[in-house]
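Subject: Structure handover

Hello,

I am passing on a structure that you have not worked with before. Please look through it first; my notes on what was found follow below.

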Amino acid sequence: MPPRPIPPGPGQESVWAYPRPPRLESTPRRLQVWLGGVLVADTTAGFRVLETSHPPTYYLPRAAFVAGVLSPAPGRSVCEWKGEASYWTLSAGSRTEVAAGWSYEQPTPAFAALAGAVAVYAGRMDECRVDGVPALPQPGGFYGGWITPDVVGPFKGEPGTWGW
């Protein structure tokens, strides 16, 4: 069954208006990540990747993370648009989340600005915020988008969306 996009209200974006292939944008929005009761990353110099049917995936400069929070994790994957991803373990307070972040160390030319920036799975952190608003994780556990009230779906990853 084809998806039925939710009409955006004032101040909202529909993920169905996002492009495919995806687009990379810098964002001045304040991005914050908490893990183990600790604010582990904070920036207003992040990026967002926008792709049809997906909430934005936010990438934070590595320098936005508190020293010692990130350590390399095993595994690699390939995105047809961005290139080969490396994974990161995040540790803070009493928590360690193995392979809960990823980056593109040598991205494709269209995503060159992402080199070294790190995205995290919101559902594996205590909390992720965009301009002070808590973000929900993109459904399904595979994708890394952050859902805030200013984006509407339906979102890839929800039950029944595999063939989108």
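Pro154 sits in the segment after strand 15 (151-152), where strands (E, at least two residues) and helices (H or I, at least four) are DSSP runs numbered from the N terminus. The peptide bond that leads from Gly153 into Pro154 is cis, with omega near 15°. A cis bond also joins Arg20 and Pro21, with omega about 5°; Pro21 belongs to the loop between strand 1 (13-14) and strand 2 (23-27).

On provenance: this is a predicted model, in which local features need pLDDT of at least 70 and side-chain atom pairs count only at pLDDT 80 or more, while totals for chains, interfaces and linings use all residues. Residues are numbered from 1 along each chain as its sequence is written, and side-chain values use heavy atoms, with hydrogens and water left out.

Two residues other than glycine have a positive phi: Ser53, near 75°, and Asp131, near 50°. For background, most residues other than glycine have a negative phi, and most peptide bonds are trans. Ser53 is in the loop between strand 5 (46-50) and strand 6 and is buried at 5% relative accessibility. Asp131, in the loop between strand 11 (127-130) and strand 12, is partly exposed at 43%. Here buried means under 20% relative accessible area, exposed over 50%, and partly exposed in between, with a 1.4 Å probe and protein chains only.

An open sheet of 4 strands has the order 4-3-11-12, with antiparallel pairing. Strand 4 (38-43) and strand 12 (133-134) are at its edges with a single partner strand each, so one side of each has no neighbour in the sheet. Strands count as paired if DSSP finds at least two bridges between them. Strand 3 (residues 31-35) is joined to strand 4 by 5 bridges, and Leu31 has Thr43 as its bridge partner.

Strand 7 and strand 8 form a hairpin with 3 residues between them and pair antiparallel over 8 bridges. In strand 8, Thr89 is the bridge partner of Ser71. Thr89 is buried, at 8% relative accessible area, and a polar atom of its side chain lies 3.4 Å from the backbone nitrogen of Ala99. Ser86, also in strand 8, is buried at 11%. The side chain of Ser86 makes a polar contact with that of Arg76 at 3.5 Å; such a contact is a pair of N or O atoms within 3.5 Å, one able to donate a hydrogen and the other to accept it within protein, and residues adjacent in sequence count only if both atoms are side-chain atoms.

The largest pocket holds about 690 Å³ of space. A pocket is an open set of points on a 1 Å grid over the protein atoms alone, where a 1.4 Å probe fits, with protein on both sides within 12 Å along at least five of seven lines; lining residues have an atom within 4 Å of a point. Volume is the space filled by probe spheres set on the points, which are joined across faces, edges and corners. The lining has 28 residues, with Glu51, His54, Lys82, Phe142 and Tyr143 nearest the centre. Strand 7 gives the largest share of the lining, 3 residues.

Regards
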